[in-house]
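Hello,

Here is the structure I promised to pass on.

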Amino acid sequence: MQYLALLLLFAVSYGFFYFGKNRALKIKFSNNARLASLPDYYGYFLVLIVLLPSLLIWFFLLIYKPTFEEMYVMTPTLFPDLANWSDSKLGLILNKITNLSLIVNIPEVDLMKGQLSLLNMSSESEKIAAKNLASFDSIYGWSVVVVFILLPIIIGLLVSRLINQKLNVQPLVEKIIINIIRLSSIIAILITFGIFFSLIFEAIKFFQFVNFMDFFFNTSWNPNRAWVISSAETVDKEVLKDAFGWIPLLTGTLLVGSVAMFVALPLGLASAIYLAEYASPKVRDIAKPIIEILAGIPTVVYGFFAALTLAPMLKQFGDSVGINISAESALAAGLAMGVMIIPFVSSLSDDVIRSVPNPLREGSYALGATKSETIKKVILPAALPGVMGSFLLAISRAIGETMIVVMAASLRANLTFNPLEPATTITTQIVTALIGDVEFTNPKTLVAFALGLTLFVMTLILNVIAVVIVRKYREKYE
Amino acid sequence: MSNIKKRLSAERRFKFYGQVGVFLSLLFVSLLIIKIFSTGSGAFFRTTIETDIFFDPELMNVDQNSSDKEISRASFEKLADGVIDFNFKNLSEDEFIKIREMYTRRFDYQLRDYFLKNKEVINNTVTLEISASSDLDQIVKGNYPRNVPESQRKINDYQLTILDELTSKEKIGSTFNFWFFTNGDSRDPETAGILGAIMGSLYALMICLVFSFPIGLFASVYLEEFTKPGKMTDLIEVNINNLAAVPSIVFGLLGLGMLIGVFNMPFQVPLVGGLTLGFMTLPTIIIACRSSLRAVPPSIRHGALALGATKVQTTFHHVVPLALPGTLTGTIIGMAQALGETAPLLMVGMVAFVMEIPGGPLDPATGLPSQIYLWSESAERGFIEKTSAGIMLLLLFLIVMNLAAILIRRKVEVKW
């Protein structure tokens, strides 16, 4: 229904374009006068006036449908003591009514056993509520449709009376358009603010439960201790002292990240050098896109590969040479992540190496250097800032990467620098904290935002350094 | 002289390292693809058992005069049990249960669906290809080893002898697994399908597109055409570049904290997932749109302005239409990125077990990558195949989208 309403809204606005334009033309010909703006602009004017507010209202109605549903069904006339119910009780009853609403309009003879018992267990008021709920969809849908025919038409007709030959709508229309596009560019800033504030607010809530120092400097991580905690006023911070220590997650992240960089740096740099300096254009044209495919493969695929192929393979290999490699070792996750990062390193470094001006190469050859000597002694030093920048960007990718570690790394925190042992990462713990019940009042959930904040800050710093380094380098040759 | 030899061999070594680097990278790509395709291709076929079915009216609560509605509500459990007795005579209770386990748990549904279409079969015997259970399917496909002790097998010795008997009678067959493309998720691997996840991803991508394309295009038009260099522009510019490098999981936290926590939007729905993906792709789209707007030569702007067009007219009548193919390419690539993202979907709850196929962006749903994640976490062997098949579909979509972007770039993009 709501999509029908949206379609109607667009149809009505489209109609108003011609309505406004024709009205302007009629005025023009009947008065034989010059219009202040081009006729089309009267049409645009009406469309903007009709469409913008209605779109906002439509979106609002779409999103808050469940809220309206609840208001419609859970009325105090049906449930007199509604105001005293706790949230969990309300949720339970709502759930029951939702299930009931699916069967309440079916004749009793057609019901299956379980459905009948549900029906018999329900009170009269619950049954009425369920009937209301069953009819809500169509009532709501149709009322939205009616609103979206009537509202725009009334607004449009009222505003169209303003049109006369002296009304210059063009500046107005252009102003509205410029403001719309200005608003769009501000949204990009708003997203950053949104990230920052939603992380900060929830993190502050988290630090009401857990000491700041305990979080950043404690070395044990057992979030399950927070199961019983429900309110910030009564919490005993000593209980949570050992529950949320960030250090093992940080070391785990760095461990997996270093394994990844250990794979990606040499391979990425070697391929970049080969493709930029040695390969014939033909080889380059084929190999470069294929390597870049690695960057386009979704990370969930790498995770699956790491957990299902790489980890068992490594474990088997370890068993055969007598080393104990855990099935959830940081090594497997790190290797897969390294493969994923190769193209980031290789294509960025490739660009940088190719942008080193040719006279540098020729000068080196003229002095008798071989190609590899030229690359090692002249080109790489010249390209170093750019290559460093690409490394930093790759590291920040590795730190923020989620799916590979969620699927292949361990969930249990382990303070270790041995890549053969299981380790957990910041991103893994964010996902673990949020899968299942999300309660914004429990530190077990809230810790995800604190972890997210640390992740955000870490990657931001790395990116800023990378950008600064790359920029400085670029200025050298331009 | 020896010095030159040394230098030349160092040269050869260096070149060799480079070749090894490229070779290993290419090896990884092919290894990954081969592994996925070899495990995944099995999921497109499903093992069936040719079974004689006697539609015994005494075992059914319906007859050929029953309406479709009555039939679809009736239970066919008894008939399914009867069919097993009919095909395998003189079974003990234990043997009966073991044989029932060889068939899919949805045996009765298959019978019902057949009866719905062919009501005249009542009191007659027909031969149908009934789907086997996932464990049997895996053993027929050779994914389970047969030569291990019985306790380590999902299929016991008795079932194996029956299987061999059926195989020798050529009753074990294989059909194309349509269920994989038409069903939602299921607890049983043999009936689990990917359509629900595809629809969930489709709705999320639609929302993502509707949000990020207009806003991205408008924002880049504003930044390229209407601002003068200044502090504000610099701020927006730095901002967008930083946003492009923020990890996707942080965008997921934004979706959870802002959209669900503050604005009270529902959990698990593609609308929220799509908006979150939209936040994430916005910087990509803005960067692509800006570079294609920048590629439009200034002479076009000057021409329009010289003829008396206003700034808005110049931009929207001349510059934007010329830049549109480039912006479309960038948008498609952004959408492809969004399709493969899993972490934001996990954060906004699009990883639940959802059997129904979502009918709109406000129904609970999973996405394609999150479905892959869900299946990969499942303990049953049959789901490994499904996971790989899901990945194959995901990669296929990505390839199609990227090819479309390349084609658009080649065909439509204007070269100046």
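Q268(B) counts as buried, because it has 20 C-beta neighbours inside 10 Å. The cut-offs are these: a residue is buried if 20 or more other C-beta atoms lie within 10 Å of its own, exposed if 12 or fewer, and partly exposed in between, with the C-beta atoms placed from the backbone. Before going further, please note that this is a predicted model, in which local features need pLDDT of at least 70 and side-chain atom pairs count only at pLDDT 80 or more, while totals for chains, interfaces and linings use all residues. Residues are numbered from 1 along each chain as its sequence is written, and chains are lettered from A and ligands numbered from 1 in the order in which they are written.

Back to Q268(B): the residue lies in the loop between helix 11 (248–262) and helix 12 (270–294) of chain B. Helices (H or I, at least four residues) and strands (E, at least two) are DSSP runs, numbered from the N terminus. Phi of Q268(B) is positive, near 70°, in a residue other than glycine. Most residues other than glycine have a negative phi.

E170(B) also has a positive phi, about 60°, and is not a glycine. This residue sits in the loop between helix 7 (157–168) and strand 3 of chain B. Is E170(B) buried or exposed? With 8 C-beta neighbours inside 10 Å, E170(B) counts as exposed.

**The sheet in chain B**

Chain B has 17 helices and three strands. An open sheet of three strands has the order 2-1-3 in this chain, with antiparallel pairing; two strands pair if DSSP finds at least two bridges between them. At the edges are strand 2 (125–131) and strand 3 (172–176) of chain B, each pairing on one side only. From one strand to the next the twist averages 40°, where axes are lines fitted to C-alpha atoms (for helices over the stretch in contact) and angles run from 0 to 180 degrees between N-to-C directions.

Strand 1 (residues 45–54) of chain B pairs with strand 3 of chain B over five bridges, in the antiparallel sense. In that pairing, I49(B) has I172(B) as its bridge partner, and R46(B) stands opposite T175(B). Seven bridges join strand 1 of chain B to strand 2 of chain B, again antiparallel. There, D52(B) stands opposite T127(B).

**Overall form of chain B**

The radius of gyration of chain B is 29 Å, whereas a compact globule of 416 residues would be near 22 Å. This radius is taken over C-alpha atoms, and the globule rule is 2.2 Å times the number of residues to the power 0.38. Along its principal axes, the C-alpha trace of chain B spans about 95 × 80 × 40 Å. Buried residues make up 45% of the 416 residues.

Chain B is divided into domain 1 (42–177) and domain 2 (195–411), with bounds that come from an automatic or database domain assignment. The C-alpha centres of these domains lie 45 Å apart. Eight residues of domain 1 of chain B are in contact with seven residues of domain 2 of chain B; contact requires C-beta atoms, placed from the backbone, to lie within 7 Å. The domain 1 side of that contact divides into three nonpolar, four polar and one charged. For these classes, Ala, Val, Leu, Ile, Met, Phe, Trp, Tyr, Cys and Pro count as nonpolar, Asp, Glu, Lys and Arg as charged, and the others, Gly among them, as polar.

**Chain A and where the chains meet**

The contact between the chains takes 72 residues from chain A and 70 residues from chain B. On the side of chain A, the largest share, 18 residues, comes from helix 7 (residues 170–207) of chain A. By class, that side has 47 nonpolar, 19 polar and six charged residues.

Chain A is divided into domain 1 (2–168) and domain 2 (247–477), and 49 Å separate their centres, taken over C-alpha atoms. M261(A) is found in helix 9 (residues 247–278) of chain A. With 21 other C-beta atoms within 10 Å, M261(A) is buried. Leaving aside neighbours within four places in sequence, M261(A) is in contact with A394(A), I395(A) and A398(A).

Helix 13 (residues 358–366) of chain A has nine residues and the number buried is zero, so this helix lies largely in the open. G368(A), which follows helix 13 of chain A, has a positive phi, near 95°.

Best wishes

How values were computed: Two residues are in contact if their C-beta atoms, placed from the backbone, lie within 7 Å.
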